[in-house]
Amino acid sequence: MKPLLDIDGLSKHFQLHEQQKLIPSCSAVKVSVYPGQLTALTGPTGSGKSSVLKCIFRTYLPTSGRILYRDQEGKVTDLAQASEYRILQLRRRDIGFVTQFLHCLPRKSALDITIEPLLARGVSESEAQSRGRDLLAQLQVPERLWGLPPATFSGGEKQRINLARGLIARPRLLLLDEPTSSLDSGTTESVAELIETIKQEGVGILAIFHHPELVRRLADQTVRLKAPAPVMPEPC
Amino acid sequence: MKKILEVRGLTRIHGPGCPLCFENTGAEAETNVCSSCGSVVAARDVSLDLHQGEILGIVGESGSGKSTVVKTLFFDAEPSTGEARFFDGDKQLDLFSLNSARQRWLRNHRFGMVYQNPNLGLNFNVSAGGNIAERLLMSDVANYASIRQRARDLLTRTEVLGERMDESPRRFSGGMQQRVQIAKALATRPPLLLLDEVTTGLDLSVQARILDLILEIQHELNTAMIVVTHDLGVIRLLAGRTLVMKYGQVIESGLTDQVLEDPQHAYTQRLVASAL
């Protein structure tokens with residue numbers, strides 16, 4: 001099976017001009033993700049797990065290395081080098097990212113936030129709404145919350161809205177950054193079941209989990225990251 | 001996505017200009033006044049692309065040249081050098097070489113502009129509805145009843161009460177004046193909308209509703225927009241891609257989340273670090 005995502009030699013460091021410092025974030029990362037499988041990123045705090053996901057989504061500009069993504073037509077794109085328009089297109093169609101925190105427009109209802117990715121792909125409002133309701137129910141979000149903006153929700157409720165939005169359009173590649181960190185065991189179980197379902201549907205997943213038991217249960221591969229080596233400032 | 005606008009090397013210099021102007025100004029020199037000839041370099045060598053339905057953000061502090069860019073594109077100011085191509089259906093128009101009649105036609109039919117100061121975008125001597133009618137009249141709709149209906153629809157769309165369409169916008173609140181401006185700009189369903197600090201100085205709740213409206217318009221009409229602002233929050237909410245300007249120069253550009261979370265230029269890092 002050909003990998004959906006093939007990362008090799010990925011490094012990221014931040015150059016802080018004001019402090020005149022180079023901060024290493026991750027180095028020499030090698031990871032592959034296959035369709036229908038889950039690769040878990042593990043490692044101590046500060047080993048750059050989240051940075052790897054952000055480099056794939058291009059929220060961070062990789063410093064070096066390749067991030068090869070293979071799309072439906074078999075075309076390979078290096079996400080580290082791709083144009084902004086190509087990245088935006090892949091974000092719309094192919095790549096989903098569920099972060100730890102819900103960033104969304106204030107004042108929009110939980111259901112509207114959940115179905116945004118479907119509307120962006122041209123699904124009709126009524127169908128999107130019905131799929132949104134099913135998914136929120138599956139994730140045990142109480143129905144009385146669906147019409148409210150998530151600003152006042154609890155951490156766990158926000159996290160499930162965030163997950164619902166990330167999963168609803170079934171991206172080909174899904175990036176998960178601690179999607180269960182603030183969930184209780186009952187809702188964590190429903191998230192785990194949902195992840196198993198979408199794996200069976202062929203979605204490739206790269207995930208960071210807070211709970212080691214989720215790694216054991218869901219991961220097909222595990223990649224352990226080491227704390228990055230300090231970077232030498234470039235000679236001027 | 002189809003490209004709708006392509007700007008290359010846009011430059012605007014106030015004053016005589018001299019061969020040293022570029023050397024003496026810009027982000028590195030930390031000024032836009034040329035020390036040799038005293039000219040002000042408002043914008044220099046600005047290039048950008050805009051695709052259909054895309055919102056592009058331009059951020060920077062006052063004097064960075066961000067408004068100059070949209071003003072030249074709307075023909076409110078003349079560029080010193082540079083090119084801008086507008087792709088309209090299968091036509092390709094070289095904006096700065098058109099005669100003024102053609103430029104006026106484009107302003108009235110194909111472009112929309114919303115200014116920070118409603119005084120610039122609205123005529124306070126006629127009613128809110130009349131402001132929209134003016135633009136419709138310039139663009140070939142000639143039947144009184146249909147103009148009035150269209151104006152009412154547009155004002156309703158932008159949440160201005162239809163009952164108040166015969167009042168002068170002078171009597172409206174700042175937020176409502178911006179809504180009338182947006183309704184007026186949208187009257188001809190332009191494929192390109194330019195927004196210059198449209199939420200600056202408004203209450204937060206009013207600001208939020210204007211931003212909602214802008215996103216709804218983008219979604220419904222697939223309008224391409226350039227949003228100029230000094231407010232990073234506005235950029236984060238609206239723009240997919242962002243340019244950062246300083247002293248007339250584009251110093252950084254990228255996907256908006258990347259510019260905000262992993263800024264490359266020292267100035268952008270300072271700007272992001274000092275945002276609330």
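The model is predicted.

Start with chain A. Its domain assignment gives two parts. Domain 1 covers 1-94 + 171-236, and domain 2 covers 108-170. The C-alpha centres of these two domains of chain A lie 24 Å apart. Where they touch, domain 1 of chain A gives 14 residues and domain 2 of chain A gives 13 residues. On the domain 1 side, the largest share comes from α6(A), with five residues. That side divides into eight nonpolar, three polar and three charged residues.

Now look at helix α5 of chain A, residues 155-168. How far apart are its end C-alpha atoms? They are 20 Å apart. Just after α5(A) comes Arg170(A), which takes a positive phi of about 50 degrees.

Next, the core. The largest nonpolar core has 132 residues. The residues with the most contacts inside this core include Ile205(A) from chain A, and Ala183(B), Leu194(B) and Ile226(B) from chain B. Which helix gives the largest share of this core? Helix α7 of chain B, residues 174-186, supplies six residues. Domain 1 and domain 2 of chain A both give residues to this core, so the core lies between them. Take Ile226(B) as one member. Leaving aside its neighbours within four places in sequence, Ile226(B) is in contact with Leu50(B), Leu56(B), Ile58(B), Val70(B) and Leu194(B). Leu194(B) is itself among the residues with the most contacts inside the core.

Last, the contact between the chains. It takes 17 residues from chain B and 14 residues from chain A. Several elements of chain B take part: α8 (204-221), β10 (249-255), α10 (256-261) and α11 (266-273) each supply at least two residues of the side that touches chain A. What kinds of residue make up that side of chain B? They divide into five nonpolar, six polar and six charged.

Technical notes. Residues are numbered from 1 along each chain as its sequence is written. Chains are lettered from A and ligands numbered from 1 in the order in which they are written. This is a predicted model: local features need pLDDT of at least 70, side-chain atom pairs count only at pLDDT 80 or more; totals for chains, interfaces and linings use all residues. Helices (H or I, at least four residues) and strands (E, at least two) are DSSP runs, numbered from the N terminus. The expected span of a helix is 1.5 Å times one less than its number of residues. A nonpolar core is a set of buried Ala, Val, Leu, Ile, Met, Phe, Trp, Tyr and Cys residues joined through C-beta atoms within 7 Å. A residue is buried if 20 or more other C-beta atoms lie within 10 Å of its own, exposed if 12 or fewer, and partly exposed in between; C-beta atoms are placed from the backbone. Domain bounds come from an automatic or database domain assignment. Two residues are in contact if their C-beta atoms, placed from the backbone, lie within 7 Å. Ala, Val, Leu, Ile, Met, Phe, Trp, Tyr, Cys and Pro count as nonpolar, Asp, Glu, Lys and Arg as charged, and the others, Gly among them, as polar.
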